[in-house]
Amino acid sequence: MVDSIEPQTEAWWRDAVIYQVYPRSWADSDGDGIGDLPGITSHLDHLVDLGVDAVWLSPFYTSPQNDAGYDVADYRDVDPLFGTLADFDALVDRAHELGLRVIVDLVPNHSSSEHPWFRAALAAEPGSPERARYIFRDGRGENGELPPNNWQSNFGGPAWTRTTNPDGSPGQWYLHLFDETQPDFDWTNPEVQEEFRRILRFWLDRGVDGFRIDVAHGLHKAEGLPDAPEDYDLAVDPTGLQPMWDKPAVHEVYRDWRRIVEEYRVEGEDADRILVAEAWVIPDEALAKYVRPDELHQSFNFGYLMTPWTPHAQRDAITRALAATAAVGAPQTWVLSNHDVPRHATRLAYDIDRATRVRGIGPDDPQPDPVLGLRRARAATAVMLALPGSAYLYQGEELGLPEHTTLPPEARQDPTFVRTGGEDVGRDGCRVPVPWHADKPAFGFSPTGRSWLPQPEVYGDLAPNRQDGVAGSTLELYRTLLATRRHYRLGRGELTWHDLGEDVLAFTVACPGHRRVQVITNFGAEPVELPHGQILVASDALDEHHRLGTDTTVWVVPG
Ligand code: GLC
Ligand code: MG
């Protein structure tokens, strides 16, 4: 523990709402059908009107784009697809002018196979310093023809690929927890550690306000790379039982990085640069270790994201999550959608069991009921934005965008689709370019009408120009929720549960010095009577008797 790191009880990030932009799908300025940095800069006012505190940008670095930029070939430059470093600086300047902070993605678990280090590693001998930056091993079997262990890639298929020697003979194998074009770094190598310190400083010096750390639970692997257990149950067994995830040594990396971002603290200014982990780790207590006072600031709560839409499951997930982070003095970090999982306006349309699903949805799957999905999504968001802590929104959820569930196979780009032989259709359905204007080409996404994934027709009706100022629209609901959350400082509040019956989720959030707000969600078929008081916002209209309908959340100031 570093004594000098005091818990920053007032710091901006403890209740910040942060909006994720997936650069290739937000706004295309040059008409090539792929979103870019100038496109983002020109649409930042949308985020100001929405009322968020910060924007997180998924990777825009130099990359062959085999995993949509999560395969980085140069950590210090912008891919020409997205613009230039000057475009990046302009984006940050404009965001700061508008009072928005900027968080960038950092991908430390693996590089692209096009990274100069990996090219050098392939060209070098086994046992060389070049190979020692990655995880090269001899194969098993008589002639090394079998992979070094039984690990599977997250995208399907083996996690090892065999190299070919300069003379054409088969060589060593290298590890890739994701696509074969994403070789894993060896984080026990001081050279790798030092390189990432430099990368952090490079972007900190350019003025970024923080980093989202990709695959934060994967950097260190179990010593000796033992086989993974065959009988491991992903849904319930602690993540750390697997040899590639959640190893104690990752925490050393984050203590080191925390010291670096602390160097950028300005005395007397609310200007912390933050670190947020993407760590798919259970149980909650293991995840909370990432946000101990001398480690990261935040860690996405994916357990919450996957929680079924029932009052019991929701209450249980929220209670456990709040307790786990409170025990280490950190706020909780809520999220319902991102670029890796089906959008919650679609996910929640499935039966309770299937609401836990995070795999892609394709034309051969049962199709969702869009009305039910959106209604539940609005109710779920109204719960999330009332919870103490920080929250992340994914681009387009403020429009109520559904997942694209009928993308044809030939449009699919996610490597998961190919690597699983189509068994998992992958994540393209949540990455479809967003609409801006119902009556413009590509619904305003690009001036030419090009779009790297086809947009579903319904995106037109959901474009901001159709929702702006329209009472009851999802966009206006999000604006109201965010403004009200800010007004009552709900993100800084304390949560108390109430029992209003089997089918109802009910809690109060109170922040000292502010009126307390009661949050009530009806999961049942019967309408629910509301307590006396002032209704601040409802996720859908109340009935004619002023009662709360099914799958609706209301915020009330009791009185
Ligand atoms: C993270 C990213 C995901 C990417 C993977 C490999 O899970 O969110 O999009 O494919 O890491 O970098
Ligand atoms: Mg473009």
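Mentor: Let us begin with a term: two strands are said to pair if DSSP finds at least two bridges between them. Keep in mind that this is a predicted model. Here, strand β16 (residues 517-522) and strand β18 (residues 552-558) run antiparallel and are joined by five bridges, and within this pair V519 stands opposite W555 of β18.

Trainee: In what order do the five strands of the open sheet lie?

Mentor: Strands of a sheet pair through backbone hydrogen bonds, and they may do so in parallel or antiparallel fashion. In this structure the order is β14-β15-β16-β18-β17, with antiparallel pairing. The edges are taken by β14 (494-498) and β17 (533-538), each of which has a single partner strand, so one side of each is left without a neighbour in the sheet. From one strand to the next, the twist averages 25°.

Trainee: Which strands does helix α11 lie across?

Mentor: Helix α11 (residues 370-384) lies across β15 (504-510), β16 and β18, and its direction is at about 35° to that of β18. Helix α15 (residues 474-487) also packs on the sheet, where it touches β17 and β18 and makes about 130° with the direction of β17.

Trainee: At what angle do α11 and α15 pack?

Mentor: Their angle is about 10°, with the axes 10 Å apart; because angles under 35 degrees count as roughly parallel, α11 is roughly parallel to α15. In their contact, L374, R378, T381, A382 and M384 of α11 meet T474, L477, Y478, L481 and R485 of α15, and by class these comprise six nonpolar, two polar and two charged residues.

Note on methods: Residues are numbered from 1 along each chain as its sequence is written. Chains are lettered from A and ligands numbered from 1 in the order in which they are written. This is a predicted model: local features need pLDDT of at least 70, side-chain atom pairs count only at pLDDT 80 or more; totals for chains, interfaces and linings use all residues. Side-chain values use heavy atoms; hydrogens and water are left out. Helices (H or I, at least four residues) and strands (E, at least two) are DSSP runs, numbered from the N terminus. Axes are lines fitted to C-alpha atoms, for helices over the stretch in contact, and angles run from 0 to 180 degrees between N-to-C directions. Contact means heavy atoms within 4.5 Å. Angles under 35 degrees count as roughly parallel, over 145 as roughly antiparallel, 65 to 115 as roughly perpendicular and the rest as oblique. Ala, Val, Leu, Ile, Met, Phe, Trp, Tyr, Cys and Pro count as nonpolar, Asp, Glu, Lys and Arg as charged, and the others, Gly among them, as polar.
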